[in-house]
Amino acid sequence: MTLNFFQFWKKSEPKSKLPVLEIPIFSSLGPAEIELIESKIRRVEYKKGDIVYRIGEKPEAFYIILLGRFRVIGPKGETITVLGQGDYFGETSILLGRNHSATIEAKNDGLVFKIEKKDFQDLLTSLPSLSLHLSRTLGHRLTAAGKRDGISKTKIIALCDYEADVQKNVFAINLAAFLATQGKRKTIFLGFESRNENRFSAQGEKLVLRDFQTATSDGIQKLIQEQKGGFHFLRIGSLGAKEGSEADVASLVGFLSDRYDFIILDLPPEYDDIGIKAIQQSDQIYFLVGEENRTSLKALSFLREFRTSFGFTRDEIRFILCEDREGGFEDNKTTSLYQSNYPIFSVLPYEEVLYSRSSAAFKKDELPFVLLNPDNSYSKAIRFLARELMGTLVGLALGSGAAFGFAHVGVLKVLEREQIPVDIIAGSSIGALIGSMWAGGVDSKALEQIALDLDKKTAFFKLIGFQDISVAHHGFFKGDQVCRFLRNYLGQKTFRKLNLPVKIVACNLFTGEELIFDEGDVVEAIRASISIPGIFRPVNYGNQHLIDGGVIDPLPVKVLARYGVKKIIAVNVLSAPNDHMQRYEFYMAKKKKLKELFSKKNFFVRTFASLRLRFEERFHANIFNVLMNTIQFLEYGIAESSAASADVVIHPILPDSHWAEFYSGAKFIRRGEEKTMEQLDEIKKLVEEGS
């Protein structure tokens, strides 16, 4: 993602470019179409607690969230969902010509793009791709029009694959089981038979789609089987022309939408008109591909088809990579899964017991693997995807800040002690370092001890050392020593071997492009993310030179949002302008106190003290302070903007501190712990909401 490196220095312009990459609904539009939309939008700010519109009011506009989070509130005051950056609302009431069926409230300070009703309707006429997308997403919601509250909470997921049918079948069973048992959501799995193979022949009677219109509700219910995994299963006849029509698919989905929270459609490899209609009824596509086909042009063509022909945005397609063997094909080359031409959302670890034809067969009376083996890596991957679907993922954004980042350890201590679940971490610089170590099995107690072992005498040699000094035109230090230090705890560990997903942010020195690492060697990714400009050498990555991730995204909240995280805890250890002023005042007061103390001593002591203070004053403006303070002044503004999209922001700042105090870990950790405890009730409320 390209970002204007100096945009935060500029005054706002009357007309700014539309941030297409942050708004998936516009991602497939061309320059002329974007320009047309820009002419229709206006920015509107909302403060925490502001109401955008209330239930029962007439629709006036279409809204797209640029910053912040907004609650969708039902008729009984319940929170239906929380919307974040890139999400939109207001379109259903305009398209259906009815009053709003929910209230929208700003959960924190936010910024939205507003398009007036008339302009929105004109855009739908002018932009077929936008109209296609909205008509698809509206499709199954029409079934809610007859409901008392007019709100559809059902999510419909279409499972498609490219030469991964066995993995897809296993995936569907285990995903449905987790949603039903652990998520307490009513879930039904629709198994569509193939024309070439009886995929679910052992599951009893099937529903022939052509008979749906004449079947009674009781008759359909008799065909729905309750599984030991807590979910329901319905076998659907093959999608041949004689088996039913496109309208029958829409009617069946509408019928089930009144009864279930999640509908999982397991589609066969061949797609005819009815299969296409099933995809059109879906909110999301889960596209499973075997790892040996990860770079297949055929797989990529499927992705393009989902976007161009069906109107799915990048964020509505979940590209799931299925490992074909233990450890998959992952090597130590550090790279990004999601930002490649093949935007991989998640990796399903290989599990031999699941992928033989006999083991993969759908057995009604057996408890699914994910429930029998909850701590298995495959089960953890299913858990992540299920929680993302339910909107209950808890993400932790750990920001940059050099030694100030030891406060992250204090935050982790509280989260561990209070058993606050963390599903995914995004980190920049020191946040990437500490977050990766924690995800790699180094608990908060061990992290604290590592920090405490860095004293004034040893910190420099453990983290840098004289042998790490480099030719200054690249950076003062090579960064090799810090890699050796990290290898002591992470070894050659790759991202797939971490206990939970971690996303590490780095920045392209010459383009200002953000790079998110989530594949390959973890230590190499950390090294790129901590490449403080001027201090550490940039990391060579292909034909790119990478520097500190904090330069482009010092508080990676947006990274978590891209992975469907709806509950975000952000830890910003960068100092605000007032904090810097307070720190300077503290320094001057300390200096004055020393002068007063030494003034009472003898001539020799006074002379020595005077020379010492003069030296310290001159050294205070050394090149390292110039670089770090300048960078952190600028980073704070970006971090504050990112914090607006988080649910809880922890800001553990100490006035009596310095960015290079890696030997003073105890006070930073203590501060992180104190500030997290102050916000613990808020964190617990966030985690429990909607769970």
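Surface first. The protein chain exposes about 30,500 Å². Carbon and sulfur atoms supply 52% of that area. Keep in mind that this is a predicted model.

Now the inside. The protein chain has 691 residues, and buried ones make up 57% of them. The secondary structure comes to 24 helices and 24 strands. On contacts: take those in the protein chain with a separation of 6 or more, and 79% of them come from residues 24 or more positions apart.

On to charges. Side chains of opposite charge can pair when their charged atoms come close. How many salt bridges does a search of the whole structure find? The count is 30. I'll go through three of them.

Start with Glu323 and Arg496. Their closest N and O atoms are 2.8 Å apart. This pair links distant parts of the chain, 173 residues apart. Glu323 sits in the loop between strand E15 (317–322) and strand E16 (344–348). Arg496 sits in the loop between helix H17 (480–490) and strand E19 (502–508). Buried or exposed, this Glu323 and Arg496? Both are buried.

Next, Glu673 and Lys413. Their side chains meet in a salt bridge at 3.3 Å, N to O. Glu673 lies in helix H23, residues 665–678, and Lys413 in helix H13, residues 407–417, so the bridge ties together parts 260 residues apart in sequence. Glu673 and Lys413 are both buried too.

Third, Lys503 and Asp518. Here the closest N and O atoms are 3.1 Å apart. Lys503 lies in strand E19, while Asp518 lies in the loop between strand E20 (514–517) and helix H18 (522–529), so this pair ties together parts that are 15 residues apart in sequence. Again, Lys503 is buried, and Asp518 is buried.

Some bridges share partners. Through them, Glu291, Arg294, Glu323, Arg496 and Glu519 join into one network.

Last topic, cysteines. How many disulfides are there? The count comes to zero. The cut-off is a pair of cysteine sulfur atoms within 2.5 Å. Two cysteines to look at on your screens: Cys483 and Cys507. Cys483 has a relative accessible area of 12%, so Cys483 is buried. Cys507 is at 1% relative accessibility, so Cys507 counts as buried as well. The threshold for buried is under 20% relative accessible area.

Definitions and conventions. Residues numbered from 1 in each chain as written. Predicted model: local features only at pLDDT ≥ 70, side-chain atom pairs only at ≥ 80, totals over all residues. Heavy atoms only, no water. Salt bridge = Lys/Arg side-chain N within 4 Å of Asp/Glu carboxyl O. Helix = DSSP H or I, 4+ residues; strand = E, 2+ residues; numbered from the N terminus. Buried < 20%, exposed > 50% of the residue type's maximum accessible area, 1.4 Å probe, protein only. Contact = heavy atoms within 4.5 Å. Areas by Shrake-Rupley, 256 points an atom, 1.4 Å probe, with all protein chains shown as cover.
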